[in-house]
Amino acid sequence: MKYYQPVSVKAALDIADPSSIFLAGGTDLILQLRESKVKPRAIIDLGKIQDLKQVVQSDDCLELGSMVTFESLRKSSLVQAKAKALWLSSGTMGSPQIRNQATIGGNLGNNSPAADGLPPLLAMGALVRLASRDGEEILPLAQIVAGSLP
């Protein structure tokens with residue numbers, strides 16, 4: 001298995017193919033690898049992509065990068081002010097060690113019924129920006145969770 005640490009989204013997408021897997025926080029992926037539930041050709045670690053670690057207010061929206069940890073959400077005054085339910089849930093998610101490692105992107109990417117980030121984001125009508133080599137697309141999180149991708 002190959003391991004990559006790109007420093008940009010474009011570089012990550014250039015490396016990706018259907019047999020590779022993206023590593024966000026890794027709290028679930030490590031278990032899946034250990035139990036042989038996934039067997040990727042390559043792991044693409046997104047941890048060096050600084051743009052994905054940002055919490056930014058844009059117009060009337062709050063933009064969360066996929067690599068924002070739950071601890072970062074808990075500490076963010078922007079999240080506290082603009083997305084109170086997400087801020088509250090981020091402080092109760094897992095143990096402190098898990099909150100420091102687990103990311104919102106990994107949490108949503110696994111689409112687990114136990115994902116702590118899903119309920120508040122669904123309740124707020126969150127949108128998700130999906131990137132591929134072909135470009136970007138913005139979809140409602142509810143559509144992604146329901147599995148009805150285009």
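User: Hi! Which share of the contacts with a separation of 6 or more comes from residues 24 or more positions apart?

Analyst: Hello! In this predicted model, residues 24 or more positions apart account for 43% of those contacts in the protein.

User: Thanks. How many helices and strands are there?

Analyst: The protein has 9 helices and 7 strands. Its radius of gyration is 15 Å, close to the 15 Å that the globule rule gives for 150 residues, so the protein is as compact as a globular protein of that length.

User: And what does the C-alpha trace span along its principal axes?

Analyst: It spans about 40 × 35 × 30 Å.

User: Let's go inside. What percentage of the residues is buried?

Analyst: Buried residues are 33% of the 150 in the protein. The largest nonpolar core has 19 residues, and those touching the most other members are Leu73, Leu86, Ile104, Leu121 and Leu141.

User: Which helices supply residues to that core?

Analyst: At least two core residues come from each of α3 (70-75), α5 (84-90), α7 (104-110), α8 (118-123) and α9 (141-145).

User: Can we zoom in a bit? What does Leu73 touch?

Analyst: Leaving aside residues up to four places away in sequence, Leu73 touches Leu64, Val68, Val79, Leu86, Trp87, Ser90 and Ile104. Two of these names, Leu86 and Ile104, were also in the list of core residues that touch the most other members.

User: What about the second core, which residues does it include?

Analyst: That one is separate and has 8 residues, among them Ala12, Leu46, Ile49 and Met67.

User: Now the backbone. What is phi for Ser36?

Analyst: Phi of Ser36 is near 55 degrees, which is a positive value in a residue other than glycine. You can find Ser36 in the loop between α2 (29-34) and β3 (42-45). Ser36 is partly exposed, at a relative accessible area of 44%.

User: Where is Asp59, then?

Analyst: Asp59 sits in the loop between β4 (55-58) and β5 (61-64). Although Asp59 is not a glycine, it has a positive phi of about 55 degrees.

User: Is Asp59 buried or exposed?

Analyst: Asp59 is exposed, with a relative accessible area of 74%.

Technical notes
Residues are numbered from 1 along each chain as its sequence is written. This is a predicted model: local features need pLDDT of at least 70, side-chain atom pairs count only at pLDDT 80 or more; totals for chains, interfaces and linings use all residues. Side-chain values use heavy atoms; hydrogens and water are left out. Helices (H or I, at least four residues) and strands (E, at least two) are DSSP runs, numbered from the N terminus. The radius of gyration is taken over C-alpha atoms; the globule rule is 2.2 Å times the number of residues to the power 0.38. Buried means under 20% relative accessible area, exposed over 50%, partly exposed in between (1.4 Å probe, protein chains only). Contact means heavy atoms within 4.5 Å. A nonpolar core is a set of buried Ala, Val, Leu, Ile, Met, Phe, Trp, Tyr and Cys residues joined through side-chain atoms within 4.5 Å.
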